[in-house]
Amino acid sequence: MKLSNEELINISGGAVTSTFINAAVKGITLLIELGKSLGSTIRRISEKKSCSI
């Protein structure tokens, strides 16, 4: 099936690519890990169990 130039111009789409999904998942994972480390730091400071360097 061949499309004419007018039909090709009118094609609209916006499929979510696997690259976009992968980047979104990595971003969410990064936020979760950041929250875990920040929470651990706050807990250690509040319990006064932090190591002095």
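Reply:
**A close look**

Glu33 counts as partly exposed because its relative accessibility is 43% (buried is under 20% relative accessible area, exposed over 50%, partly exposed in between, with a 1.4 Å probe and protein chains only). Keep in mind that this is a predicted model, where local features need pLDDT of at least 70, side-chain atom pairs count only at pLDDT 80 or more, and totals for chains, interfaces and linings use all residues. Residues are numbered from 1 along each chain as its sequence is written, and side-chain values use heavy atoms, with hydrogens and water left out.

Glu33 has a partner: it forms a salt bridge with Lys36, and their closest N and O atoms are 3.8 Å apart (a salt bridge is a side-chain nitrogen of Lys or Arg within 4 Å of a carboxyl oxygen of Asp or Glu). Side chains of opposite charge can pair when their charged atoms come close. Both residues belong to helix α2, 3 residues apart, or about one turn of the helix (helices are DSSP runs of H or I with at least four residues, strands are runs of E with at least two, numbered from the N terminus).

Now follow that helix. α2 covers residues 18–46, and its 29 residues should span 42 Å at 1.5 Å a residue, which agrees with the 42 Å between its end C-alpha atoms (the expected span is 1.5 Å times one less than the number of residues).

Glu47 is partly exposed, with a relative accessible area of 39%, and Arg43 is partly exposed at 43%. By the salt-bridge rule, the count comes to 2. Looking back along the chain, the C-alpha atoms of Glu47 and Leu34, 13 residues apart, are separated by 20 Å. Lys48, which follows α2, has a positive phi, near 55°.

Finally, step back to the whole. The protein chain has 2 helices and 0 strands. Its radius of gyration is 24 Å, well over the 10 Å that the globule rule gives for 53 residues, so the chain is more spread out than a compact globule (the radius is taken over C-alpha atoms, and the rule is 2.2 Å times the number of residues to the power 0.38). The C-alpha trace spans about 70 × 15 × 15 Å along its principal axes, and buried residues make up 0% of the 53 residues.
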